[in-house]
Amino acid sequence: MNRPLEGLTVIDLTRALAGPYATLLLAGLGAKVIKVEEPRHGDLARENSPYLGRDGVLVERRHDDDISLSHLTRARGKYGVSLDLKQAVGREVFFDLVRQADIVVENFTAGTADRLGVGYAACAAANPRIVFASLSGFGADDPGGGKAMDVIIQALSGAMFTSGEPGHPPVRIGIPIADMLAPVFTVIGILSAIEQRHRTGTGQHVDVSMLGALTSFVAIENWSAMAAAGMPARTGLTVQRLSPFGVFECADGYVAIVAVHEPLARGLFAAMGRSDLSEDPRFANRDARVANAEVLEATINDWSRRLPLAEVIRLLDEQGVPVAEVKHPEDALVDPRVVARHETMAVEHPSYGSSIDLRTAGVPIRFSGAETGFDEALPVQIGEHNDGIYKGLLGYSDERLAELRAAGAI
C-alpha cells in the first residue's frame with residue numbers, strides 16, 4: 001500500500017490505551033511500529049476482559065489462545081518484541097533499535113523513562129534525529145510524577161461538570177475521552193517534529209499532557225462569561241444558549257435536533273404543525289428563544305413524545321431541519337457510511353472466526369494520493385517478532401539472541 005508514513009520506524013514503549021492508540025494511528029498511516037514489552041508480563045491490555053477465542057466472546061479467559069479484545073484492537077499492525085529495559089544488556093538492545101528508528105513513543109509516568117535510562121537525552125545521544133514523544137497525565141515536567149487514568153483526567157479537567165443536569169452528580173463521559181484525545185495531539189506533535197526535522201536535520205522531545213489536552217477542549221467554551229450572564233454551565237440533553245438544540249424524546253427513542261437559525265426554527269415549527277410559534281414573542285427570534293429555552297424545549301418534547309422516531313425524522317427532513325436518531329454504539333459502528341470509509345473495521349482472532357460482527361476503530365482520514373491500513377502483524381505472544389526484528393532489522397546472530405534469552409533480556 002502507498003501510505004503516507006511508509007519508511008518511518010517507531011519504537012513503541014507504550015501500554016494500556018492512550019499511548020497504544022497514538023502508535024496505532026501511526027501504524028495505520030504506514031509507519032513500521034515495533035512494540036516493546038517486558039518479557040514476563042507484557043502490556044496491561046492483554047489482561048483486559050472481554051476475550052475472543054474458540055468459544056467466542058468471554059468475560060473470563062478459558063484457553064491459552066483466548067486474546068483480549070483490547071489487545072486485538074490496539075496491537076493491530078504492530079511488530080512485537082520482548083525486552084527488559086531494567087537490564088543493561090536490554091538497554092543496549094534498545095539503543096540499537098533507536099539508531100534504526102525515527103520515533104520513540106512512551107507513556108510512562110513522568111520521569112520513569114529517564115530513571116530507566118531510556119529517556120529523550122539518552123535516545124538523542126544515540127540518534128540525534130530521533131523524535132521522542134512522551135504522553136503522560138500531567139506532562140513530562142510534572143514534579144510529582146503523578147499517575148493518571150482517564151477518569152482522573154475527566155474529573156480534573158472540568159469535563160464531568162459540562163454534562164448532566166444542574167443539581168445532579170457529575171457525569172463521566174462514556175468513552176475514555178482523555179485517553180483518546182491526548183494521543184491525537186501526540187501524533188500531531190510527532191508529525192510536526194518530523195516536518196521540522198526535514199529542515200533542521202535533528203529531532204526533539206514532544207511532550208503531551210492528558211490533562212492539558214482535555215482541558216484545552218473544555219476551554220473552548222467561556223465558562224466564566226456564561227456564569228456572569230446567568231447561563232447554565234451544565235447542558236444536559238440540550239444546549240439552552242443555542243435553543244432549540246439537543247436531544248428530544250420520541251415515543252420509541254430519541255432524536256437530535258438542530259434548529260438554531262431562523263429558517264431552521266420556522267421549519268421545526270412547521271413540522272410540529274405549530275407555525276404560529278414563529279409569531280409568539282417568546283420564540284420570534286434567536287435571542288427570545290434562548291431566553292425562553294425551557295418553555296420551548298418543553299413544547300418540542302410534548303410534540304415529539306407522541307410520535308414514533310421515524311415519523312419525527314420524516315417530518316423534520318421534509319422541512320430541511322437537521323435531525324438524527326440517537327443510535328446505540330453497536331448500531332453506530334456498522335453504519336454503512338463509516339464501514340465504507342474504513343472508519344470502523346472488523347475485529348478478528350488470528351485463528352478463530354466469530355458469529356458476531358465485532359468492530360473497532362479504523363483511521364478516520366482519507367487521502368487523495370495515499371491509503372491507510374495496517375500491516376498483517378499482531379504480537380499474539382510477547383516477543384512474537386523477536387527473530388524478525390532483532391535478526392532482520394538489527395542483524396543479530398543466532399548466538400547473540402541465545403545470549404539475550406539466557407540473560408532474560410528478551
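**Overview.** I checked burial first: of the 410 residues in the chain, 46% are buried. I am working from a predicted model. I noted 17 helices and 14 strands. The C-alpha trace spans about 85 × 50 × 45 Å along its principal axes. I then looked at contacts with a sequence separation of 6 or more, and 68% of them join residues 24 or more positions apart.

**Cores.** I looked up the largest nonpolar core and found 37 residues in it. Val10, Leu26, Ile103, Val105, Val131 and Ile190 have the most contacts inside it. Which elements give two or more residues to this core? They are α1 (18–28), β7 (103–106), β8 (131–136), α7 (177–200), β9 (205–209) and α8 (210–218). I also found a second, separate core of 29 residues, and Val81, Ala113, Cys123 and Leu401 are among its members. Nonpolar side chains tend to be buried together in soluble globular proteins.

**Helix α1.** Next I went through α1 residue by residue. The buried ones are Ala18, Gly19, Pro20, Tyr21, Ala22, Thr23, Leu24, Leu25, Leu26, Ala27 and Gly28. That is 11 of the 11 residues, so α1 is largely enclosed by the rest of the structure. I checked both flanks too. Just after α1, Gly30 takes a positive phi of about 115°. Ala16 lies in the loop between β1 (9–12) and α1. Its phi is positive as well, near 70°, and Ala16 is not a glycine. With a relative accessible area of 28%, Ala16 is partly exposed.

**Helices α7 and α8.** I looked up how these two pack. Their axes are 8 Å apart and the angle is about 100°. That makes α7 roughly perpendicular to α8. On the α7 side I listed Ile177, Ala178, Asp179, Leu181, Ala182 and Phe185. On the α8 side I listed Met210, Ala213, Leu214, Ser216 and Phe217. By class, the contact has nine nonpolar, one polar and one charged residues.

I then asked which residues of α8 are buried. Met210, Ala213, Leu214 and Val218 are. Seen down the axis of α8, the buried residues fall within an arc of 140°, so they line one face of the helix. I checked what covers them, and the list includes β8, α6 (150–157), α7, β9 and α9 (223–228).

**Ala228.** I followed up α9, where Ala228 is found. Is Ala228 buried or exposed? Its relative accessibility is 68%, and the cut-off for exposed is over 50%, so Ala228 counts as exposed. I also took its C-alpha distance to Pro308, which is 40 Å.

I found a cis peptide bond from Ser49 to Pro50, with omega near 5°. Pro50 is in the loop between β2 (32–37) and β3 (51–53). Another cis peptide bond joins Ser243 and Pro244, where omega is about 0°. I placed Pro244 in the loop between α9 and β10 (245–250). I also marked His342, which has a positive phi of about 60° although it is not a glycine. His342 is in the loop between α15 (336–340) and β13 (344–346).

Key
Residues are numbered from 1 along each chain as its sequence is written. This is a predicted model: local features need pLDDT of at least 70, side-chain atom pairs count only at pLDDT 80 or more; totals for chains, interfaces and linings use all residues. Side-chain values use heavy atoms; hydrogens and water are left out. A nonpolar core is a set of buried Ala, Val, Leu, Ile, Met, Phe, Trp, Tyr and Cys residues joined through side-chain atoms within 4.5 Å. Buried means under 20% relative accessible area, exposed over 50%, partly exposed in between (1.4 Å probe, protein chains only). Helices (H or I, at least four residues) and strands (E, at least two) are DSSP runs, numbered from the N terminus. Axes are lines fitted to C-alpha atoms, for helices over the stretch in contact, and angles run from 0 to 180 degrees between N-to-C directions. Angles under 35 degrees count as roughly parallel, over 145 as roughly antiparallel, 65 to 115 as roughly perpendicular and the rest as oblique. Contact means heavy atoms within 4.5 Å. Ala, Val, Leu, Ile, Met, Phe, Trp, Tyr, Cys and Pro count as nonpolar, Asp, Glu, Lys and Arg as charged, and the others, Gly among them, as polar. The arc is that of the directions from the helix axis to the C-beta atoms.
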